[in-house]
Amino acid sequence: MSISWQPIAEIAEDVKSGKIKSVDLVNQSLKAIEDNKQFQAIIVTLKENALKRASEIDARIARGEKVGRLSGVPFIAKDNFLVFGADTTAASNILKGFQAPYQATAINKLETEGAICVAKANLDAFAHGASTENSDFFTTKNPHDDTRVPGGSSGGSATSVVLGLAPFALGTDTGGSIRQPASFSGCVGYKPTYGAVSRSGVIAMASSTDVIGPMASSVKDASLVFDVIAGKDELDGTSIDRSSKSFEISDNNLNVEGLKIGIVKEYMSDGLSDEVRQVIENSIEKLKKAGAEISEVSLPSVRNALAVYYILCPAEVSSNLSRYDGQRYGYSDKNAKTLNDSYKNSRGQGFGKEAKRRIMIGTYVLSSGYYEAYYKQAQTVRTKIINEFHQAFKNHDFLLGPVAPTTAFKIGENSKDPLQMYLSDVMTVAANLAGIPAISLPAGHANELPVGLQLMAAQKKDRELLELAHKTEGLLK
Amino acid sequence: MSKLKKEDVLNLAELVRLDLTDDEVNEFTEELSAILDYVEQLGDVDVSGLEPTNQVTGLTNVTRKDEINDYGYSLEDLQSNLPDSKGNLIKVKRMLN
């Protein structure tokens, strides 16, 4: 049932030259969504708005007007992006019916270049999870095996790309939420340097690690989308300046000779399944054969990264979710008699279990008497992890490892044990804590399920990392 | 092993304004203890001489001019999601019993 799209740059060229109509592309995308409904990747389509925008673009081209770099290209946004034309829910009951009064900066930038948002993808509610099973609505199915999860939290976006519901999708990555579903479902997932993309208009999870990134069929496609959305924005005080050079991969040079790549020792030992290890080792062999200088490097403190993350993330979540109080937007309990009851009932009825769990843990670790032992200690171990990455990047251009310890697990397998679910992030969270860019690349299959290879670079080396990823992708084919 | 008691969970729930069911209180008492148990491994990490990290890309004090800018958002759109309102105001339930 899945369809494959041309490279994004070629689609846009064909639209600009009049060879294909934008309206036809949007219809093709909407049909693919309809035909693949059983995977439950999509929460809502934006049919009316998308078709209207597409015919406007077609009309502009017919009049000979200049149009953007992504003209007529359909895409899908994770439902934690504020987009006009439908509810923005973050897959949560508490935001059911919420109509965005403004759009995310990333969405505006894509629209300025002519891209068209056709649908909103499913996620774990508020992006809390690694499987989409925490969605308050439904669980998305893995495109390769519908008894398995697609990964999460950007599981709907990953499944959308793999099934070809649109040429690319947007995701968010706070502890691995772009890379892990990319690995489980089999697409490219890019987590840029912290601050590289404005988060204005994206529902906040853990603000000290949240980033936005593209999910696509190739590194080239991902690099083009990233080039469009990257840059400083006064609406996000943490966004950083970008260099004037384009991030888009422009050549097909696959030479990796002399590049120094470090294999993260800790990721190849702790709880890594044999089948994933095999795929990663094959990838390493191919890079070696092509002339990359590969050696092992130890970052002992990444073993503590998950514990650091599961203190800092809930702490920030508990703060960010305090705005959902039933008074300003979203679900509000109509029967409450007092304001305090309205808060408690609206939040108690509107939040799912995982959001509640994180609010409780987060408030606990921030509370007086526990703050020093938990939160401050976690922030300090975070420094230790960052220092080890700095050290590693002194001797290596890039780091390499698996994305996740296993392939996609069965629906229901980990949903009863929150701690087991958290372990899915064990190889991805360190990059978030350090704010460095990291990418998941399809590296092969184990028992017919996709396996992702993770490549990482120092902060702000996004272009270099995308180039290496593009070369590696070529070598792995 | 840090053991959260049922009273701790109820107290936390009150602080964060979450009305929990009895089942949730029981579940969370067990689960939150297990999560705290796991993250307590950090107590053994030697962090002497290190400062906590609050911001990873080195930004400090990002400010903007103290000027009103509506960024093109209309008041009407911003108010359209209010559960209850009166004129330009958010209407809430009474605060005292």
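The contact between the chains draws on 55 residues from chain A and 44 residues from chain B, where two residues are in contact if their C-beta atoms, placed from the backbone, lie within 7 Å. This is a predicted model, in which local features need pLDDT of at least 70, side-chain atom pairs count only at pLDDT 80 or more, and totals for chains, interfaces and linings use all residues. Residues are numbered from 1 along each chain as its sequence is written, and chains are lettered from A in the order in which they are written.

On the side of chain A that touches chain B, the elements giving two or more residues are helices H10 (305–320), H11 (339–350), H12 (353–366), H13 (372–395) and H14 (418–422); helices (H or I, at least four residues) and strands (E, at least two) are DSSP runs, numbered from the N terminus. H13(A) supplies the largest share, 12 residues.

Strand S11 (residues 449–456) of chain A has 8 of its 8 residues buried, that is, with 20 or more other C-beta atoms within 10 Å of their own C-beta atoms, placed from the backbone. In a regular strand the side chains alternate between the two faces of the sheet. Both faces of S11(A) are covered, with A:Leu449 among the buried residues on one side and A:Pro450 among those on the other.

S11(A) is joined to strand S9 (residues 398–402) of chain A by 4 bridges, and the two run antiparallel; strands pair if DSSP finds at least two bridges between them. Here A:Leu455 is the bridge partner of A:Leu400. Strand S10 (residues 438–446) of chain A also runs antiparallel to S11(A), with 8 bridges, and A:His445 stands opposite A:Pro450. S10(A) and S11(A) form a hairpin with 2 residues between them, and A:Asn447 in the turn has a positive phi of about 50 degrees.

Technical notes:
A residue is buried if 20 or more other C-beta atoms lie within 10 Å of its own, exposed if 12 or fewer, and partly exposed in between; C-beta atoms are placed from the backbone.
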